[in-house]
Amino acid sequence: MITVLFAAADRAWPSYETVLPAALAEAGLDATVLRETDRPEDVDYIVYAPNGTLTDFTPYTNLKAVFSLWAGVEKIVGNTTITCPLCRLVDPSLAQGMTEWVVGQVLRHHLGLDRYIKRDSRDWDQVTPPLASQRKVTILGIGELGAASARALRALGFDVHGWSNSQKAIDGVTCHAGAGGLEPALSGAEIVVLLLPDAPGTQNVINADTLAHLAQGAVIINPGRGPLIDDDALIDALNSGQLSHATLDVFRQEPLPQDHPFWSHAGVTITPHVASETRPFSAAKVIAENMRRAEAGEPLMHVVDRERGY
Ligand code: NDP
């Protein structure tokens, strides 16, 4: 019998109450799932999101692993009381949701749909967009979510470029890597999607210098994390026309403060961190499979590299 503690916001529990025990049973595990315990030394695994009350893992002296319910772990990696392996969420449903959101946002700007949605005159303004193959779309961060989005955009014919730490190979996608790969990835790009983690090497990757490499009137789409962007540089680029629009799902401070200039800027679309939600039915299966591996002595999947920060 293993003991699993579910430690996330109270509001998350109803959607896991049934699916998590069911997924653990389906994985062949004899498990008890608790919401709280006065015997922390008995807990084997913690299913975790940092929006709950748990921050000190010290009492959980026999913990074998912590499983994050989120893909982004920037609020967890620095927790020095976690001394066992920390696994982030890599889940096909999360990738599918992100791909759908990214493709939708790219097509909005590629096709110039706002022109018709925001129609304020009776002009018969016929504007032919370029074909997707004539449009360079760059994805910064081609890990689980970025690579899935890159493949979908490539399938639509876009000239897709990607950028990552280590060199990747994705069919039909021009892959750039490392510090020297950033400029060629961004050079002349008309649409840039940010799917990097918030880690020491990625903060302010979108700044005045990097924005200058983009095509005039480019669009930034950020479902990654707020600190990837220097907010002031973004606003300057929108005001100068270097950028024509920014669609932002994530922010340095969430909810975005009421007085933040993004709210009133005509060139900014704000979505409230909804690009891709964790789907409990799917996440529970991924976590159960990882727990099964741990119990069988097999290597864990998706272990976070604390040094790298993701
Ligand atoms: P991955 O870890 O799979 O991918 C991260 C990518 O970023 C990798 O390609 C990695 O390169 C690259 N990278 C990291 N640091 C650098 C760097 N310094 N220079 C160049 N490339 C770098 O993460 P996911 O794809 O699963 O998730 C990405 C992010 O998406 C999450 O961290 C989270 O912030 C965000 N997210 C947002 C959601 C939303 O609803 N808005 C939902 C879910 C996630 P390499 O592969 O070589 O290591």
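Predicted model: local features only at pLDDT ≥ 70, side-chain atom pairs only at ≥ 80, totals over all residues.
Q: What is the hand of the crossing of H3 and H5, and which residues make the contact?

A: The crossing of these two helices, H3 and H5, is right-handed. On the side of H3 the contact is made by Leu-94, Ala-95, Met-98, Thr-99, Val-102, Val-103 and Val-106, while H5 brings Glu-144, Leu-145, Ala-148, Ser-149, Ala-152 and Leu-153. Sorted by class, the contact of H3 with H5 has ten nonpolar, two polar and one charged residues.

Q: At what angle do the axes of H2 and H9 cross, and which residues are in contact there?

A: The reading follows the steps used above. The axes of helix H2, residues 19-26, and helix H9, residues 280-296, come within 8 Å and cross at roughly 40°, and that makes H2 oblique to H9. The crossing of H2 and H9 is right-handed. Val-19, Leu-20, Ala-23 and Leu-24 of H2 make the contact with Pro-280, Phe-281, Ala-284, Lys-285, Ala-288 and Met-291 of H9. By class, this contact of H2 with H9 has nine nonpolar residues, no polar ones and one charged residue.

Q: How many cavities of 30 Å³ or more are there, and which residues line the largest cavity?

A: A cavity is a space in which a probe fits but from which the probe cannot get out. The count comes to one cavity of 30 Å³ or more, and the largest cavity has a volume of about 40 Å³. The residues that line the largest cavity are Phe-67, Ser-68, Cys-87, Arg-88, Leu-89, Val-286, Ile-287, Asn-290 and His-302. Strand E4, residues 65-68, and H9 are the elements that give two or more residues to this lining, and H9 gives the most, with three residues. The lining of the largest cavity divides into five nonpolar, three polar and one charged residues.

Q: What is the volume of the second largest pocket, and which residues are closest to its centre?

A: A pocket, unlike a cavity, is an open set of points. The second largest pocket has a volume of about 320 Å³. It is lined by 21 residues, of which His-109, Gly-112, Arg-115, Arg-135 and Ser-244 are the closest to its centre. At least two residues of the lining come from each of H3, helix H4 (114-117), strand E10 (218-222) and strand E11 (243-248), and the largest share, four residues, comes from H3. By class, the lining of the second largest pocket has eight nonpolar, eight polar and five charged residues.

Q: Which two residues does a cis peptide bond join, and where is Pro-255 found?

A: Here one reads the backbone angle omega. A cis peptide bond joins Glu-254 and Pro-255, with omega at about -5°, and Pro-255 is found in the loop between E11 and strand E12 (268-270).

Q: What is the phi value of His-273, and where is the place of this residue?

A: Phi is another backbone angle to read residue by residue. For His-273 phi is near 50°, a positive value in a residue other than glycine, and His-273 has its place in the loop between E12 and H9.

Definitions and conventions: Residues numbered from 1 in each chain as written. Heavy atoms only, no water. Left-handed = near helix turned anticlockwise from the far one by under 90°. Contact = heavy atoms within 4.5 Å. Nonpolar A, V, L, I, M, F, W, Y, C, P; charged D, E, K, R; others polar. 1 Å grid on protein atoms, 1.4 Å probe; cavity = no way out; pocket = protein on both sides within 12 Å on 5 of 7 lines; lining within 4 Å. Points joined across faces, edges and corners; volume = space filled by probe spheres on them. Axes fitted to C-alpha atoms, helices over the stretch in contact; angles between N-to-C directions. Parallel < 35°, antiparallel > 145°, perpendicular 65-115°, else oblique.
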